[in-house]
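Hi,

Here is the structure for you to take over. My notes on it follow below.

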Amino acid sequence: MASVRALRVGLLVSFSVFLTVVMGFGLPALLNAATRTLGFPESSVTECVVVLYLVFVLCVALPRFPRGEVEVKGKAVFVTGCDSGFGHALAKRLHKLGFTVFAGCLFKDKDGEGAKQLDEFNSERMKVIQLDICSEEQVNQAVAFIKDNLEDPERGLWAVVNNAGISSFGHVEFTSMDTYKQVSEVNLWGTIRVTKAVLPLIRKAKGRVVNIASMFGTMCNAFRSSYCVSKYGVEAFSDCLRYEMKEWGVKVSIVEPGNFIVATNIFNRDIVANIADKLWNETPSDVKEDYGKAYFEQQVAQMRSYCNSGQKDMTPVLDDIMDAITSKRPYTRYTPAQPYWWIRQQLITHLPSAISDVLYF
């Protein structure tokens with residue numbers, strides 16, 4: 001295992017050196033050819049390099065430029081998955097900013113702690129709703145409640161944030177069809193179900209649809225196929241919706257968080273143990289025999305170590321969601337992630353698979 005890691009590190013370092021050499025020698029030559037073609041003196045190449053560097057700094061190193069903010073007064077936002085994690089923190093932040101918040105909680109009818117905390121605001125602008133996004137009935141009831149409690153129904157609903165989600169792990173041969181269906185039922189079909197239900201209200205407001213996808217919605221990972229499939233679907237649905245909503249003045253944004261497992265607690269050692277037991281018990285005997293228990297336990301151990309990784313502070317994700325809701329010109333995609341995961345995402349999505357596969361798999 002150590003030798004494989006050393007090989008990957010070596011390949012990444014080599015690639016970085018190669019890219020540096022190409023940029024150092026190839027870029028000036030390319031710019032020389034371009035300036036000659038355009039009729040400029042070759043002495044302007046230096047200026048071109050400086051301009052390119054400044055563009056890089058403006059696009060990457062500096063904070064995003066202000067693009068105007070919408071007026072908060074009188075606007076309402078519907079957020080799903082407010083029992084914990086991003087949704088719970090976002091509901092509080094939106095309320096503090098002055099929005100009316102319709103907070104959908106799965107465990108409101110079971111006196112869930114997250115729902116109780118939001119209820120304790122005792123505010124007319126914090127309305128906690130029982131919501132299982134897999135239930136057509138509960139989604140329709142939630143939308144009816146929103147219509148009845150909007151300050152001005154004719155102005156519609158400013159934004160919906162499809163945040164509710166679950167995760168799982170396991171090799172394809174260890175993952176049952178029921179698990180694939182369950183994960184997609186929440187992450188993908190739940191997102192579509194809620195969006196379709198509130199879209200007439202969003203169109204009235206010329207508002208926002210903000211879908212929480214994942215870095216695994218644009219790049220895959222071994223052992224996570226059920227989750228990746230669902231999040232790729234969210235990306236595709238969001239893109240199609242964005243094209244359709246342009247003529248209505250509705251903005252559709254996708255937020256692709258990196259590794260925030262510690263912050264959200266979507267995985268912990270108990271959850272991993274329960275999923276692992278289910279995987280092993282449901283796997284056909286011939287597959288168990290081929291892979292072996294030792295290999296399976298090694299993969300589970302990697303997931304347990306993964307539980308302690310990631311960024312503890314949710315602020316980057318919350319900042320991006322807020323920008324998608326409040327900016328007059330929100331971005332299509334937001335990628336709040338640690339540098340390692342951001343770089344990995346860029347390399348996997350832009351390099352030929354033959355290269356990225358060797359680097360990461």
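Two strands count as paired if DSSP finds at least two bridges between them. Strands (E, at least two residues) and helices (H or I, at least four) are DSSP runs, numbered from the N terminus.

This is a predicted model: local features need pLDDT of at least 70, side-chain atom pairs count only at pLDDT 80 or more, and totals for chains, interfaces and linings use all residues. Residues are numbered from 1 along each chain as its sequence is written, and side-chain values use heavy atoms, with hydrogens and water left out.

**The sheet**

The chain has 14 helices and 7 strands. The 7 strands form an open sheet, ordered β3-β2-β1-β4-β5-β6-β7, with parallel pairing. β3 and β7 (333-334) are the edge strands, each pairing on one side only. Strand β6 (residues 251-255) runs parallel to β7, and 2 bridges join them. Val-255 stands opposite Tyr-334 in β7.

Two helices that pack on the sheet are worth a look. α6 (residues 177-205) touches β1, β4 and β5, and its direction makes about 175° with that of β4. α7 (residues 225-245) touches β5, β6 and β7, at about 160° to the direction of β6. Those angles run from 0 to 180 degrees between N-to-C directions; the axes are lines fitted to C-alpha atoms, for helices over the stretch in contact (heavy atoms within 4.5 Å).

**The cores**

Buried residues (under 20% relative accessible area, 1.4 Å probe, protein chains only) make up 46% of the 361 residues. A nonpolar core is a set of buried Ala, Val, Leu, Ile, Met, Phe, Trp, Tyr and Cys residues joined through side-chain atoms within 4.5 Å. The largest has 34 residues; Leu-94, Phe-99, Val-161, Ile-321 and Ile-325 touch the most other members. α12 gives the largest share, 6 residues. Beyond four places in sequence, the contacts of Ile-325 include Leu-94, Phe-99, Trp-158 and Val-161. A second, separate core has 31 residues, among them Ile-129, Leu-157, Leu-201 and Met-245.

**Glu-256**

Where is Glu-256 found? It lies in the loop between β6 and α8 (261-264). Glu-256 is buried, with a relative accessible area of 2%. Its side chain makes a polar contact with the side chain of Arg-333, at 3.2 Å. A polar contact is a pair of N or O atoms within 3.5 Å; within protein, one must be able to donate a hydrogen and the other to accept it, and residues adjacent in sequence count only if both atoms are side-chain atoms. Leaving aside neighbours within four places in sequence, Glu-256 also contacts residues including Ser-214, Glu-235, Tyr-334 and Gln-345.

Best wishes

Technical notes: Buried < 20%, exposed > 50% of the residue type's maximum accessible area, 1.4 Å probe, protein only.
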